[in-house]
Amino acid sequence: MKGRVFVIGLGLIGGSLALCIKKEHPEAEIIGFDINREQARLAKMLGVIDEIAENIPDGAQESDLIIISAPVNDTKSIIQALSKLTLKPDVLITDTGSTKQKIVEMATKLKERGITFIGGHPMAGSHKSGVSAAKEILFENAFYLLTPEDHITSEKIELLKAWLIGTKAKFLTISPQEHDYLTGVISHFPHIIAASIVRQTERLSGNENIIPRLAAGGFRDITRIASSSPQMWKDILMHNRENLIKLLNQWQEEMNFVKELLEEGNEKGILEYFSQAKQFRDGLPTKEKGAIPAFYDLFVDIPDYPGVVSEITGYLAMEKISITNIRILETREDIHGVLVISFQTDEDRQRAEKCILTYTNYTTSIGY
Ligand SMILES: NC(=O)C1=CN([C@@H]2O[C@H](COP(=O)(O)OP(=O)(O)OC[C@H]3O[C@@H](n4cnc5c(N)ncnc54)[C@H](O)[C@@H]3O)[C@@H](O)[C@H]2O)C=CC1
Ligand SMILES: O=C(O)C(=O)Cc1ccc(O)cc1
């Protein structure tokens, strides 16, 4: 497709979308704006955008597609600013914010001017921020939620999907209300819990300074999302307060239930509690990408001698398989250790397993 695309907010998500659009529509011209001029300069330098706009009016005026990819509170102000400009009459405006109700409400200002706004939320990302973390395959296989209001025609929705087809995401249309409830349950609420576990552990580390060292492995994994941008998550929580307050009340009941089981010494109840959780979790889809991205881990039993890690990464590099993370599990004082290599996709993990089995005698397994 040809046309002028204007991306406002050149961070992880805006940058990744710009890359997807450029790949699929090489003739499109991609203009970018970021209040942080360094980010904009970096985006241009990395080839994520073709040109930098001086300000929002300059970038927006002649654009066919405008993507707002700023924190949700800024997104509201940007919509307000756009509603005061003279734009192309058939311009399509969308956003990528993690919440939708307040943003879509603000977009009535665009509707009043006859401008099409379709709320969007690509449900994939990372705890990293900034354009340097942007990548074209970020949204592959992920859900991409769209929240068009009733007056938006299906032609406009299809046009937006056509622009975004390079994401290789699965589009799903829901209402802004449903959106905020669902993402509250599976994304926003888990963020609060992850942060709370980290805070409690930090507090307790004051008396026991061995705690941070012991927390290096599994603890780090289950609390990874607590390393996300505090600014971004502050805004998300403020936008989804009502749903989150209800979820926190339910969680407190859940914790009271566990506390009672412990107070009663109810072995059967505790077993049942974990069994039920295991059954539900084991049944979750493994091939789909959820809101909190999974990492595809491969476990490799390695002998404990110098150079073994570079040997393995060397084979993977030879086969052009990219890895997202690598670490050694601290095991017993054994002659063997376990190397955990994380990949972006299940396909990469399968290729890596084949590669390691071809070049080495090490045993591999896939974690759950
Ligand atoms: N990080 C993630 O994993 C995901 C984030 N989102 C949502 O996408 C949006 C963008 O998030 P990220 O790209 O992760 O954040 P980011 O922090 O990587 O990038 C946001 C960019 O917006 C810029 N910005 C802030 N206010 C601005 C304004 N008024 N005008 C122009 N630029 C402005 C910032 O300088 C920054 O470069 C947020 O609304 C977030 O909730 C959606 C899905 C996943
Ligand atoms: O880093 C993580 O694990 C995330 O939780 C990514 C994420 C962040 C915000 C979203 O709205 C959707 C996905």
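**Exercise 1. Which domains does the domain assignment of the protein chain give, and where do they run?**

Before we start: this is a predicted model, where local features need pLDDT of at least 70, side-chain atom pairs count only at pLDDT 80 or more, and totals for chains, interfaces and linings use all residues. Residues are numbered from 1 along each chain as its sequence is written, while chains are lettered from A and ligands numbered from 1 in the order in which they are written.

*Solution.* Step one: read off the bounds, which come from an automatic or database domain assignment. They are domain 1 (4–175), domain 2 (179–282) and domain 3 (296–366). Step two: take centres over C-alpha atoms; those of domain 2 and domain 3 are 30 Å apart.

**Exercise 2. Find the order of the strands in the open sheet.**

*Solution.* Start with the terms: strands are DSSP runs (E, at least two residues) and helices are too (H or I, at least four), numbered from the N terminus. Two strands pair if DSSP finds at least two bridges between them. The eight strands then line up as β3-β2-β1-β4-β5-β6-β7-β8, with mixed pairing. At the edges sit β3 (51–52) and β8 (170–173), each pairing on one side only. Now zoom in: β1 (residues 4–8) and β4 (residues 65–68) run parallel and share four bridges. For Phe6, the bridge partner in β4 is Ile66.

**Exercise 3. Work out where ligand 1 lies.**

*Solution.* Count a residue as near if its C-beta atom, placed from the backbone, lies within 6 Å. Around ligand 1 there are 31 such residues, and Gly9, Gly11, Ile13, Ser98 and Gly125 come nearest. Elements giving two or more residues are α1 (12–24), α4 (72–82), β6 (116–122) and α11 (230–239). The largest share, four residues, belongs to α4. Finally, domain 1 (4–175) and domain 2 (179–282) both contribute to the shell, so ligand 1 lies between them.
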